[in-house]
Amino acid sequence: MVRVTKEFSLFVLAGSIAALINIISRIILTIFLDFEISVFISYLLAMITSFLLQRKYVFKSTKKSYKKSFSGFLLVHFVTLLQVWIVSFLLKFWLINFISSVTIVEFIAHVFGLGIPAFTSYFGHKYITFRD
């Protein structure tokens, strides 16, 4: 049986808050910008939110400076940003064949894109970003 740790639960909660910020900001940005650019910018906004929440509530025992932690955070998130962007982009173009509403297609593609890197980012942050 898989045991979910308190740390992982807090990570998922903090990540969910950041994902909500990501989705809401992407919806707003898409009014003014292309979907692909909106996904990128909203990801950056959520990434900063995620860093602050992860540092304060999840990996609070780290002794690394904010500067060092953020460097590792950027490395992990560069990899996960690629995952989110590629999945969102490809899923959008696949779903558009089945769903006529571009708004709904973009929402579904973005939400699934955000869910893909959950484990990648957890282990990246645990062993790279916040490891002492």
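Of the 132 residues in the protein chain, 38% count as buried, meaning under 20% relative accessible area, with exposed set at over 50% and partly exposed in between (1.4 Å probe, protein chains only). The model is predicted, so local features need pLDDT of at least 70 and side-chain atom pairs count only at pLDDT 80 or more, while totals for chains, interfaces and linings use all residues. Residues are numbered from 1 along each chain as its sequence is written, and side-chain values use heavy atoms, leaving out hydrogens and water.

The fold is helices and nothing else on the strand side: five helices and zero strands, running α-α-α-α-α along the sequence. These are DSSP runs numbered from the N terminus (H or I, at least four residues, for helices; E, at least two, for strands). The radius of gyration is 15 Å, close to the 14 Å that the globule rule gives for 132 residues, so the chain is as compact as a globular protein of that length. That radius is taken over C-alpha atoms, and the rule is 2.2 Å times the number of residues to the power 0.38. Along the principal axes, the C-alpha atoms fill a box of roughly 50 × 40 × 20 Å. Among contacts (heavy atoms within 4.5 Å) between residues at least 6 apart in sequence, 71% join residues at least 24 apart.

On the inside, the largest nonpolar core has eleven residues, including Phe 8, Phe 11, Met 47, Phe 51, Phe 73 and Tyr 122. Such a core is a set of buried Ala, Val, Leu, Ile, Met, Phe, Trp, Tyr and Cys residues joined through side-chain atoms within 4.5 Å. Helix α2 gives the most to this core, with four residues. Phe 11, leaving aside neighbours within four places in sequence, is in contact with Gln 54, Val 58, Phe 59, Ala 118, Ser 121, Tyr 122 and His 125. A second, separate core of seven residues includes Ile 23, Val 39, Leu 81 and Val 84.

Then there is the largest pocket, with a volume of about 400 Å³. A pocket here is an open set of points on a 1 Å grid where a 1.4 Å probe fits, with protein on both sides within 12 Å along at least five of seven lines; lining residues have an atom within 4 Å of a point. Of the 23 lining residues, Gly 15, Ser 16, Ala 19, Leu 114 and Ser 121 are the closest to the centre. Helix α1 gives the most to the lining, with eight residues. The lining divides into 13 nonpolar, ten polar and no charged residues.

Conventions
Grid points are joined across faces, edges and corners, and a volume is the space filled by probe spheres set on the points. Ala, Val, Leu, Ile, Met, Phe, Trp, Tyr, Cys and Pro count as nonpolar, Asp, Glu, Lys and Arg as charged, and the others, Gly among them, as polar.
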